[in-house]
Amino acid sequence: MPHIDNSIKLDFKDVLLRPKRSTLKSRNEVELKRSFSFRNSKQMYTGIPIIAANMDTVGTFEMAKVLSKFSLFTAVHKHYTLEEWKEFASQNPDCLENLAVSSGISPSDFEKLKEILEAIPKVKYICLDVANGYSEHFVEFVKYVRKRFPSHTIMAGNVVTGEMVEELILSGADIIKVGIGQGSVCTTRTKTGVGYPQLSAVMECADAAHGLKGHIISDGGCSCPGDVAKAFGWTCGYPDQIHLFPTSILAGAGADFVMLGGMLAGHSESGGELIERNGKKYKLFYGMSSEVAMKKYAGGVADYRASEGKTVEVPFKGDVKNTIQDILGGVRSTCTYVGAAKLRELSRRTTFIRVTQQTNPIFSEEC
C-alpha cells in the first residue's frame, strides 16, 4: 500500500511574514553578511549568503566578477575548460574566495575537478551537483571527494528530506543543496511526479542539518526578493507545529544560503544567446537537464531518459548589479519590518502567516 503523508507542506507562495515592532531607523542599519564555520572542512565563510546557481546561463565568470563585489557567491558551472579557469584566476584573483568549482559524478568530471583545484589552490569550494541526490553512487562520490580534498568545503545535492541531508553531511558534505523540481525552468515534477514544496523542504532539511552542525542551501523556487527573505534563517521550531498553529508558523524557514537561477537570468553577465526580435532583446535561459543543454554538451537526449528542463526567452534586463541591489534592498526591508538588525536574527523575529493570495494581481504580476 502506498503511504500518504497528510501533514501540511508549504511553498513560498503559501505564506507571508508578519510585521513586528522594530527599533531600526533605516534599512541601511541592517547587516546582511553572515559568518559560518563548516563542520567537515573546518573552513570559515563570511559574506552575504546568496549564490548564483551553477547553470551555464547563470553561474558564469562574468557573473562572479560582479557578485563578488557585493560579497555574494557564485557556483560556477562545470563546462568551463581548465584553460578558461586559469585565465580567469590570473585576471581576477580577488574573486576566487567567493566561488565554487562545480562537478558531476562521472570519472571525467572528477579528473577535471582535480585539475582545476590543483591548478588554482585559492579556490576552496566544491559544488557536487546531480538531479537526484538519493543515489548510493552519489553518496560514495561525496565520500571520495572528501577523502581527496579534506580541507575544501563541499556543497552537495539535491535532496529534499532530512534523512538524506544527514547522510550526506556524515559522508563529508558541509552544505546540502535542498530542492527538487521547484526551479523556474525545471520540469522534473511534470515528467516524473517527484518533488517537495520548497518552504517545507527547507524547514525540515535545516532542522536535520543544524542538528549535525551542517548547513543548507535553498536551491530554486524564488521568484522575487520576498521569497529570498522567506527562505533565510535557522529553524526555531519544528514542522509539526503547523498543526498546532494553523494560521501562523512559529519558525524561520531555515536556509543558511539561498541559490538563485531565474532571478539572475537575462542579464549582460548571464550566459545564453542574446536574441533581438521586433525591437526587443531577450536572452535564452534553460535548465541543465533540458534538450538544449544536453544537445550542447552531450550531443542530445539519451534514448533511455527524458528531458527534465525547458527553454525560455527572458526579456533582457541589462546589468545584473541593478537586480542584486533590488534583491538586497528587499531583504533589508524584510529585516526592518520584523525588527531584525542582522540577517542572522531574521528567523528569531519571523512568524509565517498562511495565506491564499500573496498580492493584488490586477496591475502587477503575482509574486
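Two strands pair if DSSP finds at least two bridges between them. Helices (H or I, at least four residues) and strands (E, at least two) are DSSP runs, numbered from the N terminus. The model is predicted: local features need pLDDT of at least 70, side-chain atom pairs count only at pLDDT 80 or more, and totals for chains, interfaces and linings use all residues. Residues are numbered from 1 along each chain as its sequence is written, and side-chain values use heavy atoms, with hydrogens and water left out.

**Exercise 1. Follow the barrel.**

Task: State which strands close into a barrel, and in what order. Then trace the pairing around strand S8.

Solution.
- Step 1. The barrel has eight strands, in the order S4-S5-S6-S7-S8-S9-S10-S12, and their pairing is parallel. Neighbours are turned by 25 degrees against each other on average, direction ignored. Here axes are lines fitted to C-alpha atoms, for helices over the stretch in contact, and angles run from 0 to 180 degrees between N-to-C directions.
- Step 2. Start at S7 (residues 125–129). Five bridges join S7 to S8 in parallel. Leu-128 has Ala-156 of S8 as its bridge partner.
- Step 3. Go on to S9 (residues 175–178). S8 and S9 are parallel too, with four bridges. Ala-156 has Ile-176 of S9 as its bridge partner.
- Step 4. Move to S10 (residues 215–219). Four bridges join S9 to S10, again in parallel. Ile-175 is bridged to His-215 in S10.

**Exercise 2. Find the crossovers.**

Task: Name the helix between S7 and S8, and the hand of the unit. Do likewise for S8 and S9.

Solution.
- Step 1. A crossover is right-handed if, with the strands pointing away from the viewer, the path from the first strand over the helix to the second runs clockwise.
- Step 2. S7, helix H4 (residues 136–148) and S8 make a right-handed β-α-β unit.
- Step 3. From S8 the chain passes through helix H5 (residues 162–170) to S9, and this crossover is right-handed.

**Exercise 3. Buried or exposed?**

Task: Classify S8 and Val-165.

Solution.
- Step 1. Buried means under 20% relative accessible area, exposed over 50%, partly exposed in between (1.4 Å probe, protein chains only).
- Step 2. S8 (residues 153–159) is mostly covered, with seven of its seven residues buried.
- Step 3. Val-165 lies in H5. Its relative accessibility is 0%, so Val-165 counts as buried.
- Step 4. Val-165 and Gly-214 are 49 residues apart along the chain, and their C-alpha atoms are separated by 8.9 Å.

**Exercise 4. Read the open sheet.**

Task: Give the strand order and the pairing sense of the three-strand sheet. Why is one side of S13 and of S15 left without a neighbour?

Solution.
- Step 1. The order is S13-S14-S15, and the pairing is antiparallel.
- Step 2. S13 (274–277) and S15 (311–315) stand at the edges. Each has a single partner strand, so one side of each lacks a neighbour in the sheet.
- Step 3. Neighbouring strands of this sheet are turned by 40 degrees against each other on average, direction ignored.
- Step 4. Four bridges join S13 to S14 (residues 280–286), and these two run antiparallel. Glu-276 has Lys-281 of S14 as its bridge partner.
- Step 5. Strands of a sheet pair through backbone hydrogen bonds, either parallel or antiparallel.
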